[in-house]
Amino acid sequence: MGSTRIKQLTLVAVVCGLIAFLYFNNRNTSTALTSQNRSQATGTDLPTGNAASGRGPQEAASASGAKASSTPFDFVHYQQDELKRLKAQLPAGFEQKIETLSKQSDSDTAAARDIGRTWDKLERPVLSGWYYKKIADKTPRNAWNWFLVGKRYFDGQAFLANSAAMPYFVDESMAAYEKALAIDPKNLDAKADLAANIIEGKSEPMKGIGLLREIIQTDSLNRKALLYLGVFSMQSKQFDRAIARFRKLTEIDPSNADYHRLLAEADMEAGKKDEARKEFKVYKGMVRDPRLLADVNRILTSLQ
């Protein structure tokens, strides 16, 4: 579950690769290429939309508008909706267990942890984060507990169907990460996710990119910062920068198929067909999912 947002970022970069797929199949337009060249000339890492959430500029504007919503997040109603949605997957007595533990969780951290872990198993980080926050509130100097809250609310943004609730969880995630960092400034994973929140949820790309670059200055091999910078470079069509970052990730962890896929997509976007073909073949040898294999075979055919 912890890799939810990482997978989402990878998907964004893969979607970017569709542009290159059309290009190599002679479906590009002069307008699209001119627009791309203008973006490449900016020389920045700044994304054109909300990269980690997969939203483009128009959708990002809509989400920004949601920040003005006065509708508060109703946790009880949200949890009830999730219970109904998951009813067929839940074991017998689960709803009663949730109801009992929920009542106990305000005063009993063991109950809060139990229900948080239960929602983790069901891959509902927004719900588990709510209970981990009860624990963090009772242990205000425990950096790890605040980190868990920030991470759950950060990962949970990928599951939200109601965009009006997004600002709430962006703010909650940021607040938790900031508390974790105030206690443990060396937690670079918290700092990287905080930067992504700033870029995505607060529409402050310069500030967020600055934080990611600070991480790289401290730890040039930090995977999360390299990944975010690489994907944001893809969003802003800075493909050479994306290639450099994704290549470094493949050197750090050659066994990670997603890193090879990202590098292949960046090579393809940059028009480096030979390099892209090579990386797609590496990726192909590492995956087993028939859908992924069919997808990469189509791309390899287009690169011939």
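The model is predicted. Buried residues make up 49% of the chain's 304 residues. Of the contacts with a separation of 6 or more, 60% join residues 24 or more positions apart.

**Nonpolar cores**

- The largest nonpolar core holds 50 residues.
- Phe73, Trp119, Phe169, Leu194, Leu212 and Tyr228 have the most contacts inside this core.

- Leu194 sits in helix H10.
- Its relative accessibility is 7%, so Leu194 counts as buried; the cut-off for buried is under 20%.
- Setting aside residues up to four places away in sequence, Leu194 touches Met174, Tyr177, Glu178, Leu181 and Leu211.
- Ser173 is 21 residues from Leu194 in sequence. The C-alpha atoms of Leu194 and Ser173 are 7.7 Å apart in space.

**Packing of H10 against H12**

- Helix H10 spans residues 188–201, and helix H12 spans residues 223–235.
- The two helices pack at an angle of about 20°, with their axes 9 Å apart.
- H10 is therefore roughly parallel to H12, since angles under 35 degrees fall in that class by definition.
- On the H10 side, the residues in contact are Asp189, Ala192, Asp193, Ala196 and Ile199.
- On the H12 side, they are Lys224, Ala225, Tyr228 and Phe232.
- By class, this contact has six nonpolar, three charged and no polar residues.

**Ser102 in H5**

- Ser102 lies in helix H5, which covers residues 94–105.
- A polar atom of the Ser102 side chain lies 2.7 Å from the backbone oxygen of Ile98.
- Beyond residues up to four places away in sequence, Ser102 touches Gln79, Ile115 and Tyr131.

Methods. Residues are numbered from 1 along each chain as its sequence is written. This is a predicted model: local features need pLDDT of at least 70, side-chain atom pairs count only at pLDDT 80 or more; totals for chains, interfaces and linings use all residues. Side-chain values use heavy atoms; hydrogens and water are left out. Axes are lines fitted to C-alpha atoms, for helices over the stretch in contact, and angles run from 0 to 180 degrees between N-to-C directions. Helices (H or I, at least four residues) and strands (E, at least two) are DSSP runs, numbered from the N terminus. Angles under 35 degrees count as roughly parallel, over 145 as roughly antiparallel, 65 to 115 as roughly perpendicular and the rest as oblique. Contact means heavy atoms within 4.5 Å. Ala, Val, Leu, Ile, Met, Phe, Trp, Tyr, Cys and Pro count as nonpolar, Asp, Glu, Lys and Arg as charged, and the others, Gly among them, as polar. A polar contact is a pair of N or O atoms within 3.5 Å; within protein, one must be able to donate a hydrogen and the other to accept it, and residues adjacent in sequence count only if both atoms are side-chain atoms. A nonpolar core is a set of buried Ala, Val, Leu, Ile, Met, Phe, Trp, Tyr and Cys residues joined through side-chain atoms within 4.5 Å. Buried means under 20% relative accessible area, exposed over 50%, partly exposed in between (1.4 Å probe, protein chains only).
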